[in-house]
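Got your viewer open and your selection tool ready? Let's take a walk through this one, stop by stop.

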Amino acid sequence: MFGKHLKIVEQIAIVFVFAVIVPMTISGFIINNINQQSMRYQLRESAVLIANMVSDEIDFFNKTVSSNLEQIVYSLNYLPSQKSKSDYLRSVVQTLPDCEELKIVDSSELAKIHERNKKNKKATLFIKMNNNQYLVATYKLDAIKDELFRSIEDDKRQIYVLTNEGDLLAEHNYTEDAYRKTLSLLPNKLKKDKPVIFGDVKNQPLVYVSKDNPKITIIVNTTEKVTQKAITNNSLKILLSCLFATFTIIFVVALYTYYLYINIRQLFKGIIAISKGNYERQIRLLTTAFTPHEIIFLAFEFNRMATEIHKSYIQLKKNNIELKQLNEFRSNLIDTVSHELRTPLTSIQGYTSRLMRQDIKIDEETRQKSLRIIKEQSERLKRLIEDLLTIPDIEGMRLRTKIEQVYIPELLEESRILIKNKDNKEIVFNISEDFPLVEADKDRLLQVFVNLLENAVKYASEGSKIIVDASLHGDKAKIFVKNDCEIIPVDKLNKLFEKFIRLDDNTTRTTRGTGLGLFIVKGLVEAMNGKIELHSDKNWGFCVELTLNLPSGGKEDA
């Protein structure tokens, strides 16, 4: 009969596999996948941003040079002789940065100058004059390239600026093999004046911007080194962390199980000896730091066995509650993140596919509406990712803040612009313009106000107002964010600072959100040496009281 049952060590091993190893493996893969998707999205967005930055620099340079040439042509019309015009052009060249030569030529000589500059790696810019002649300016390409890539000189991506004939005008981090491979992936027909992602490697996005004025194409190549730093290294760190945690748990559990098993066998022998009438048998325990207090107690006071079993049961029940809470936290994290990420991504994908369709004609109103929805969902996705990235810093007390003097009324107005207020609920700021400065991190405090106002708008009753008041108390400033809603019981109110806690549960959820807002707000405020409290009464359904420090020499009570 006894041979049919597993031993304690075997049972612990099986439970450990299904309760620790399997969940940690699944969680590691899910977190790694989410990290890859997030970093892949950031790589695409940053590549598009860099392409736009280079495009804007080129537009600015082109407009500046065109404006200068127009002014020169205008001045030339008032000069009587060819000599005076030549002297004037020579003097102007000295004042224009990076300009090597200014000449008045006809169309045939213009073509020769263009070919010559093309061979010498120089830029040719010209403007037509009234008498069928052209004012031609020759610029150094190296100087232009320095201006174009100055703001992104530390970026490891490769950037190429090409003419419509395929000539390379300027480059950043250039390598021949990568350049040729990138050109081979470039579509034959290019869309104009907007960034387009192309290529067949999802973790190495390529972006081009084709322009008509001037007629050039800008290409941004996300190299394998950039991808490895952004995605591969992070994925490796996540997997190594999971493996390290798993092996650490295995070692501790195995060591604990070893000592526990030895002492339990001693207890069995003592019980069997007593059951057979051997009352002189003593239980000899191997006492270490891993020996539970309950087993030692049983060994020395065997006659109180029932009491100790009851204590063990209470301890086991407490451990089960903690394991259940840990499991619920893991499930909430996976469910919340997957749901909140899927919704904006689905909207972005749907409206993007709609805009890219060639078989239907989209009117401007529909196009603008689609772009607006894509922008809103992108901002929502960005805020979600920022919230998720803030959690580890808050929990690990690694949150960095830059304390400075901040003007509250201005920051509240900025947060009003950033929040999503689809129902256009009225937000009233009862703060005077001479309200003193407070000590805080401006960006973190803006994130706090955005979270609080969005939360207030989301849960405020229909037709009610959101009120923001402020007052001074000694060297402290208090800001109150109030919204009208049903009174929240004290037991629920005290739990709102916990992660994934919402007033409406999963079965009655009527609003979107992760349940992380107040948890993040509390962490940010405390990192700025502030204090936050929650209130709910019959006058205002919900009120957040925020306390911040005033600079030394602040105002007295008001």
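Predicted model: local features only at pLDDT ≥ 70, side-chain atom pairs only at ≥ 80, totals over all residues.

**Stop 1: helix α3**

Select residues 107-119 to bring up α3. How far apart are its end C-alpha atoms? They sit 19 Å apart, and since 13 residues at 1.5 Å a residue should span 18 Å, the two values agree.

Now colour L110, I113 and N117, the buried residues of this helix. Turn the view until you look down the axis of α3: those buried residues fall within an arc of 65 degrees, so they line one face of the helix. There's a simple rule behind that kind of pattern: an α-helix has 3.6 residues a turn, so residues three or four places apart point the same way.

Next, pick K112 and K119. Are they buried or exposed? Both are exposed, on the other side of α3. Before moving on, step just past the end of the helix to K121, which takes a positive phi of about 60 degrees.

**Stop 2: where α10 meets α11**

Select residues 408-418 for α10 and 442-459 for α11. Two packed helices are described by the angle between their axes and the distance between the axes. Here the axes come within 9 Å and cross at roughly 55 degrees. That angle makes α10 oblique to α11, and the crossing is right-handed.

To see who is touching whom, show side chains on both helices. From α10, the residues in contact include I408, L411, L412 and L418; the α11 side includes L445, L446, F449, V450 and L453.

**Stop 3: T246**

Jump to T246, which you'll find in helix α6 (residues 224-275). At 14% relative accessibility it counts as buried, because the cut-off is under 20%. Which residues does T246 touch, leaving aside those up to four places away in sequence? The answer is I21 and M24.

**Stop 4: H172**

Finish in strand β5 (residues 168-172), where H172 is found. H172 is buried, with a relative accessible area of 9%. Draw a distance from its C-alpha atom to that of Y160: they are twelve residues apart along the chain and separated by 6.6 Å. Then show what surrounds H172: not counting residues up to four places away in sequence, it touches F149, I152, E153, D155, R157, Q158 and I159.

Technical notes
Residues numbered from 1 in each chain as written. Heavy atoms only, no water. Helix = DSSP H or I, 4+ residues; strand = E, 2+ residues; numbered from the N terminus. Expected span 1.5 Å × (residues − 1). Buried < 20%, exposed > 50% of the residue type's maximum accessible area, 1.4 Å probe, protein only. Arc of directions from axis to C-beta. Axes fitted to C-alpha atoms, helices over the stretch in contact; angles between N-to-C directions. Parallel < 35°, antiparallel > 145°, perpendicular 65-115°, else oblique. Left-handed = near helix turned anticlockwise from the far one by under 90°. Contact = heavy atoms within 4.5 Å.
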